[in-house]
Structure formats: C-alpha cells, structure tokens
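Student: Please take a close look at one part of this model for me. I would like the aromatic rings and what surrounds them.

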Amino acid sequence: MPKLRAHNIAMSLDGYMAGPEQTLENPLGVGGTRLHEWIFATRTGNRMLGIDAGSEGLDDSFLAQGTVGIGATVMGRNMFGPVRGAWGNEEWTGWWGDNPPFHHPVFVLTHHARPSITMQGGTTFHFVDDRIEAVLERAFDAARGEDVRIGGGAATIQQYLKAGLIDELHVAVVPILLGRGERLFDHLDGGPDGYECVELVSSPSVAHVRLASTGTRHT
C-alpha cells in the first residue's frame with residue numbers, strides 16, 4: 001500500500017523547523033538557513049543546484065532516499081512562497097526557478113484559488129482548497145501507485161500528524177538553537193501519537209531520527 005512520507009525535515013535542538021520573521025529574503029526566517037547547511041554540504045544537495053560537488057556518506061544517503069519512490073507531493077502554501085492572502089501577483093511560481101526539483105504533481109494547500117502551473121521537468125503545481133484527507137487522496141491518485149511526500153511548513157505537517165495520516169517521518173535534528181519561530185511538534189495535544197522511533201543515527205552535522213506509524217492510516 002502506498003505511504004505518506006515526510007523526509008529530511010530539518011529541526012533545531014529546541015524544536016524549530018523555521019526561524020522567526022519569514023520573508024522573501026529570509027524564507028526560513030531569521031537564522032533558519034542554518035537548518036539546511038548540512039543539505040548543501042552533500043553531493044545530492046549540490047546536484048539540486050546543478051553543481052557536481054559535495055560529500056557522500058550518511059547525510060547524503062538520507063537526503064537521496066527522500067525522493068525514491070515518490071510520485072506526488074503535498075505542501076503548505078508557506079512552503080510554496082511568501083505571498084499571503086489573495087495571490088494578486090500570479091507571476092510567483094515558487095522558490096525553485098523554472099525547473100523545480102519535484103518532477104511530479106505537487107498539491108499546494110491554500111484557501112485562495114489559482115490555476116495550476118506546469119513547470120519544466122514534469123512538475124505541475126495544483127492549488128487546492130479542500131480537506132487534507134481529500135487532497136491526500138488526489139495526491140495518491142496522481143502518484144499512480146507510488147508514495148506521496150508531505151512537505152512543510154510546520155502547520156501542514158502538524159495537520160497530517162494530528163489526523164494520523166503520516167506513515168513515516170524522518171527528522172534531521174541540527175545542533176543549533178533558534179529560540180523562536182515555527183516549532184514542528186506544536187499544536188498536537190501533547191505530541192504526535194502512534195509513532196515509534198525505528199532508526200536513530202548521527203553524522204558530525206546532524207542526527208537522523210526516523211519515526212514510523214504503529215497503526216493503520218486513518219481514512
């Protein structure tokens with residue numbers, strides 16, 4: 001059965017996956033770019049930028065695994081871009097340039113309608129205002145038997161965790177303190193329920209924690 005997976009969710013020691021004051025200049029909030037420094041030290045991370053460089057090993061392996069067997073992605077509007085409220089300027093097509101790294105259908109959760117956008121490399125962004133369960137079903141249909149990946153931001157992951165819909169969650173704990181921002185495990189009535197740690201390994205840069213659901217996905 002296809003799964004809903006979250007991969008390479010970078011989190012600080014104090015639980016934040018984004019810093020405060022997110023803007024176009026600081027998409028991850030003040031100080032938030034430090035959460036992703038480990039990614040762009042790897043060969044896989046550099047390939048996303050069209051650069052043939054970077055290290056191999058544990059961090060690179062986890063980063064690469066996050067794209068294996070994925071046929072569609074669900075993300076929140078904050079991950080897609082900094083625009084809030086009505087879209088207004090529909091020239092905004094995401095942070096990733098003309099050829100986003102997804103190469104499959106991406107479903108963006110939003111309360112504001114917008115036509116789908118087809119990009120280079122096989123990525124199509126669909127903007128959907130519906131229940132998270134309905135959006136997930138659309139994503140599974142689009143994935144055609146492959147898994148679906150859940151992206152940020154924190155609020156989006158929290159909604160799917162609270163509904164018991166995430167099958168696997170890989171958190172990359174980065175040894176920094178942000179102090180403020182968006183915490184990954186807030187608003188969950190005490191924490192994510194029904195998950196157990198199935199893997200815990202560490203490189204000099206980041207600790208990788210892989211959690212798996214202990215039950216059947218809610219539908």
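Tutor: Start with a cut-off. Buried means under 20% relative accessible area, and partly exposed lies between that and the exposed class, which is over 50%. The model is predicted.

By that cut-off, Phe80 is buried, and Trp87 is buried too. A search of the whole structure finds 9 aromatic pairs. Phe80 and Trp87 make up one of them. Their geometry is edge-to-face, with 5.9 Å centre to centre and 85 degrees between the planes.

Now take Trp96 and Phe125. Their ring centres are 5.9 Å apart. Their planes meet at 20 degrees, so this pair is stacked; planes under 30 degrees apart count that way. The pair joins distant parts of the chain, 29 residues apart. Trp96 sits in the loop between α3 (77-80) and β4 (105-109). Phe125 belongs to strand β6 (residues 124-128).

Phe125 has a relative accessible area of 0%, so it is buried.

These rings belong together. One aromatic cluster is formed by Phe80, Trp87, Trp96, Phe102, Phe125 and Phe127.

Arg77 lies over the face of Trp87, 3.8 Å from the ring centre. Arg114 lies over the face of Trp87 as well, at 4.7 Å from the ring centre.

Next, the nonpolar packing. The largest nonpolar core holds 33 residues. Within it, Leu4, Val74, Val148, Tyr160 and Ile166 touch the most other members. Several elements each supply at least two residues of this core, including β1 (4-12), β3 (70-76), β7 (147-150) and α5 (154-162). The largest share, 6 residues, comes from α4.

Val148 shows the packing in detail. Leaving aside residues up to four places away in sequence, its contacts include Leu4, Ile70, Val74, Leu136 and Phe140. Lys3 and Arg5 are also among them.

A second, separate core has 12 residues. Phe125 is one of them, and Met75, Ile117 and Met119 are others.

Definitions and conventions
Residues are numbered from 1 along each chain as its sequence is written. This is a predicted model: local features need pLDDT of at least 70, side-chain atom pairs count only at pLDDT 80 or more; totals for chains, interfaces and linings use all residues. Side-chain values use heavy atoms; hydrogens and water are left out. Rings of Phe, Tyr and Trp (its six-membered ring) pair if their centres lie within 6.5 Å; planes under 30 degrees apart count as stacked, over 60 as edge-to-face and the rest as tilted. Buried means under 20% relative accessible area, exposed over 50%, partly exposed in between (1.4 Å probe, protein chains only). Helices (H or I, at least four residues) and strands (E, at least two) are DSSP runs, numbered from the N terminus. A charge sits over a ring if NZ of Lys or CZ of Arg is within 6 Å of the ring centre and within 35 degrees of the ring normal. A nonpolar core is a set of buried Ala, Val, Leu, Ile, Met, Phe, Trp, Tyr and Cys residues joined through side-chain atoms within 4.5 Å. Contact means heavy atoms within 4.5 Å.
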